[in-house]
Amino acid sequence: RPESRLPMAAMAASLPGGGPGTVNWADLLPPTWERIVDAYLADDTPSFDVGGFVVGSEEDEAWLLGKSAGVLAGVPFFDCVFRKLGCTVEWLAPEGETISPVAHVATVRGPRRMLLLGERTALNILTRASGIATEAAKAAAIKASSGWAGEVAGTRKLTPGFRLVEKYALLVGGCGTHRMDLSQMTMIKDNHVWAAGSIPKAVAKARSACGFSSKIEVEARTLEEAKEAAAAGADVVMLDNFEPDALEAAAAAFKAAFPHVLVEASGGIRLDTLGSYMRPGVDVLSMGSLTQGYPCLDFSLKLRKGITSGEANHAAEVAGAKA
């Protein structure tokens with residue numbers, strides 16, 4: 001199996017110096033990415049901010065407290081919220097680090113009303129991104145302990161308007177993004193085949209438009225459909241809704257005929273069953289649950305005046321233990 005054909009996102013931790021804070025995933029973000037943060041802020045404050053009027057614009061600081069264990073993710077988006085409001089963020093933990101509660105994760109400084117205006121938007125991003133990264137890290141750990149050589153990836157089951165954050169969080173957690181959107185890779189599913197008339201017809205029409213520079217993946221319900229797709233020129237076949245033992249047998253038979261075509265398996269795979277799908281001949285396991293129905297981490301942002309001595313002392317203990 002040519003290694004150059006395998007996606008590399010989940011291997012970030014094995015890169016030289018690839019621990020938390022050393023892989024700057026923010027360098028991936030497109031030049032227009034801050035527009036989504038503008039939209040988030042506009043959505044949350046479309047008119048007067050009476051709460052901000054109450055607290056005024058005196059300079060203040062707030063502590064970001066991590067109140068549940070998990071992987072920190074979403075840092076550039078959190079930063080951007082407050083940068084646009086004239087605030088600064090000092091991080092005490094790098095993105096990708098596993099935090100233990102109650103942790104003082106960052107300090108945000110700026111006009112008091114701006115701290116509170118950005119609070120919920122920034123926290124909404126961070127709690128969700130960190131929740132995804134935490135689940136992705138669990139999946140990556142299962143993969144690492146299994147010795148399986150493939151990649152665990154997300155899917156296109158995303159929250160509208162939150163795609164970039166969710167895909168970003170998958171990378172931070174150590175999993176692959178899968179295709180970013182409909183334009184990145186063509187996936188031919190049952191509806192496409194039914195509309196086109198057959199798998200070969202669907203693949204041929206797709207190739208006439210995407211050319212050599214884009215991959216075509218075909219969803220297959222049987223080994224025969226997978227072979228038909230590969231013979232028609234598919235680059236990837238998805239063995240959909242196969243049980244683990246049946247998956248291994250089908251993947252082995254398929255690879256014997258088409259060793260250079262990637263095999264993805266998907267359909268109902270969960271963290272508690274993920275290891276059982278890590279079989280020879282399978283290159284990718286995709287999990288919709290990584291970005292759909294994931295648990296969020298618990299963070300809060302408190303003005304320094306509101307931090308209790310207990311919270312401050314516990315945060316200091318956590319920081320001391322980490323050091």
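Me: How many disulfides does the structure hold?
Reply: Zero disulfides. Keep in mind that this is a predicted model.

Me: OK, and which cysteine sulfur is nearest to that of Cys80?
Reply: That would be the sulfur of Cys87, at 12 Å. A disulfide needs the two sulfur atoms within 2.5 Å, so Cys80 is in none.

Me: Is Cys80 buried or exposed?
Reply: Buried: the relative accessible area of Cys80 is 0%.

Me: What about Cys210, buried or exposed?
Reply: Cys210 has a relative accessible area of 15%. Buried means under 20%, so Cys210 counts as buried too.

Me: Switching to the whole protein: how many of its residues are buried, as a percentage?
Reply: The figure is 48%, out of 323 residues.

Me: What about secondary structure, how many helices and strands?
Reply: You'll find 11 helices and 12 strands.

Me: What box do the C-alpha atoms fill?
Reply: Roughly 70 × 45 × 30 Å, along the principal axes.

Me: Back to contacts. Of those between residues at least 6 apart in sequence, what share joins residues at least 24 apart?
Reply: That share is 73% in this protein.

Me: Last one, charges. How many positive and negative side chains are there?
Reply: The protein has 32 positive ones and 37 negative ones. The centres of those two sets lie 3 Å apart.

Technical notes. Residues numbered from 1 in each chain as written. Predicted model: local features only at pLDDT ≥ 70, side-chain atom pairs only at ≥ 80, totals over all residues. Heavy atoms only, no water. Buried < 20%, exposed > 50% of the residue type's maximum accessible area, 1.4 Å probe, protein only. Helix = DSSP H or I, 4+ residues; strand = E, 2+ residues; numbered from the N terminus. Contact = heavy atoms within 4.5 Å. Lys, Arg positive; Asp, Glu negative; His and termini not counted. Charge placed at Lys NZ, Arg CZ, Asp CG, Glu CD.
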